[in-house]
Every structure is written in C-alpha cells, then in structure tokens.
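Open the model in your viewer and keep the sequence panel beside it. The stops below say what to select and what is there.

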Amino acid sequence: MRKIVSGDQVRVISGSEAGKVGIVRKVLYSSVGGKKEVRVVVSDVNVRRFIKKTQAGKKFDTRPYPIAVSNIALLAGDGFISKVGFQLKDGAKRRIFKRTAEFV
C-alpha cells in the first residue's frame, strides 16, 4: 500500500510551486539506473504551456508535468499537512493521518 495515491489532496512544500494545493491525478513509478523514483502529477501545479500548430494558426495548450513525491505533503481534513501511517481495521490495512488519527 502506498502513502500517496490518486485522488488525494496535497500541498506542495518546496520548489517554485511551494504553497499550492491540488489533487493527485497520477502516480508514476520508475527505476532509472537502479534508483527507484516516484513522481506525481498534481492538478494546477507545475503546469507548462506549449504551442500546438494547427492549420488555423498557433494554439497555446497547457499540461501538468510530474513533480517529485518528496516535494508534496498530504492534507488532512482540517487543511493542515499530516504524515501518513497504516493501521489494521477489520483485517484490512488502511491509511491513517498521524496528526488527527482519522482514516484517509
């Protein structure tokens, strides 16, 4: 089970986009040169604009690009960031906010 999954509300804690809040759209796992790397695509964060050429002319299009998972933190229900832990409930492993002890 992963600590951050699609649909989670997160806040960017470092980088040029620090302080922005968004929802995780996709989690990307890769292994480059024996080093595991996890990146996430967050809506309205790290959006890049590029030109799409059409017959009618140029059209500007935007697309969110992935950021490192270490640069984001999960938001609890009260709007503050919280670490994530795991707890067994009814024989199933569930994610829990360590700050508020609520299930995610």
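Select β4 and β5 together: a hairpin of two residues joins these strands. Keep in mind throughout that this is a predicted model. Strand β5 covers residues 57–64, and its pairing with β4 is antiparallel, with eight bridges. For one of these bridges, pick Ile51, whose partner in β5 is Phe60. While a strand is on screen, look at where the side chains point. In a regular strand they alternate between the two faces of the sheet.

Next, step back to the loop that runs from β3 (35–42) to β4 (47–54), and select Asp44 there. Is Asp44 buried or exposed? Asp44 has a relative accessible area of 62%, so it is exposed, the cut-off being over 50%. Its backbone is worth a look as well: phi of Asp44 is positive, near 65°, and the residue is not a glycine.

Stay in the loop between β3 and β4 and select Asn46. Here too phi is positive, about 55°, in a residue that is not a glycine. Is Asn46 buried or exposed? Its relative accessibility is 16%, and because buried means under 20%, Asn46 counts as buried.

Now show side chains and turn to the rings. Select Arg48 and Tyr65: the arginine lies over the face of the tyrosine ring, 4.5 Å from the ring centre. Then select Arg94 and Phe103. Arg94 lies over the face of Phe103, at 4.5 Å from the centre of that ring. How many aromatic pairs does the structure hold? The number is zero.

The last stop is Val104, in the segment after β10 (92–97). Which residues does Val104 touch, leaving aside its neighbours within four places in sequence? The contacts are Asp8, Arg94, Arg95, Ile96 and Phe97.

Val104 has a relative accessibility of 39%, which lies between the 20% and 50% limits, so it counts as partly exposed. Finally, draw a distance from the C-alpha of Val104 to the C-alpha of Gly79. The two are 13 Å apart in space and 25 residues apart in sequence.

Key. Residues numbered from 1 in each chain as written. Predicted model: local features only at pLDDT ≥ 70, side-chain atom pairs only at ≥ 80, totals over all residues. Heavy atoms only, no water. Phe/Tyr/Trp six-rings, centres within 6.5 Å; stacked < 30°, edge-to-face > 60°. Lys NZ or Arg CZ within 6 Å of the ring centre and 35° of its normal. Helix = DSSP H or I, 4+ residues; strand = E, 2+ residues; numbered from the N terminus. Buried < 20%, exposed > 50% of the residue type's maximum accessible area, 1.4 Å probe, protein only. Contact = heavy atoms within 4.5 Å. Pairing = 2+ DSSP bridges.
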